[in-house]
Amino acid sequence: MMKNKKIGLGVTAALFLGSTVGFAAGAGFFDNATTVEQNIYKLANIATQNKQKAADVQSKLDQTTGQQKNLQDQLDSLKQQLANKQNEVNAKQSEIEAKQREVESKQQEVTQKQQEADKLRNELSNAQNDSAQKDARMAELANLSQQKVNELGQ
């Protein structure tokens, strides 16, 4: 705003001086003063255009800065979500590892019980074999005793 006032004052002063000097100096000087006056207008227009371009660039910069902040906020939010998910994954992994240890412990118990069952089956099989041998021996003894009774009874 202050720049426009200065430019306006400069243009007014140039016009006043140009017209005064042009009137006093004659037609050749007046042509030069008109050229200077036109150049001042052109420079004022260029300054105004540059000011507008600067304002446009500043607006784009502000917009880009705002977009950058929004993107940074989104990135920070995504990082936080990722950290939260990683914490959830870590918690689930800990649960899985605890369940895996529990399964391994149960598997060891199953293996131990299977070994105990195999041992008991072997003992039962041995006991059945012993019983069968004893039954056979008892049957043999019963036959012998029957034969002795029959021999004595005749």
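1. Basis of the note. The model is predicted, and local features are reported only where pLDDT is at least 70, side-chain atom pairs count only at pLDDT 80 or more, while totals for chains, interfaces and linings use all residues. Residues are numbered from 1 along each chain as its sequence is written, and side-chain values use heavy atoms, with hydrogens and water left out.

2. Confidence. The pLDDT, which is the predictor's confidence in each residue on a scale from 0 to 100, averages 85 over the protein chain, and 81% of the residues score at least 70. Residues 20-26 have a pLDDT below 50, and this stretch has four contacts in the model beyond near neighbours in sequence, a contact being heavy atoms within 4.5 Å.

3. Secondary structure. The protein chain holds two helices and zero strands, where helices (H or I, at least four residues) and strands (E, at least two) are DSSP runs numbered from the N terminus.

4. Of the 154 residues in the protein chain, 3% are buried; buried means under 20% relative accessible area, exposed means over 50%, and partly exposed lies in between (1.4 Å probe, protein chains only). The chain exposes about 13300 Å², of which carbon and sulfur atoms supply 57%, with areas taken from the Shrake-Rupley method using a 1.4 Å probe and, for residues, only the protein chains shown counting as cover.

5. Salt bridges. The count comes to four, a salt bridge being a side-chain nitrogen of Lys or Arg within 4 Å of a carboxyl oxygen of Asp or Glu. Asp73 is partly exposed at 37% relative accessibility, whereas Lys69 is exposed at 52%.

6. Two further pairs. Glu88 and Lys85 meet in a salt bridge at 3.9 Å, N to O, and they sit three residues apart in helix H2, about one turn; Glu88 is partly exposed at 46%, while Lys85 is exposed at 51%. Arg137 pairs with Glu140, the closest N and O atoms being 3.0 Å apart, and these residues are likewise three apart in helix H2. Arg137 is partly exposed at 43%, as is Glu140 at 42%.

7. Nonpolar patch. Met138, Leu141 and Leu144 form a nonpolar patch on the surface, with about 280 Å² of accessible area together. Patches are made of residues with over 30% relative accessible area and no salt bridge, like charges being joined within 9 Å and nonpolar side chains (Val, Leu, Ile, Met, Phe, Trp, Tyr) within 5 Å.
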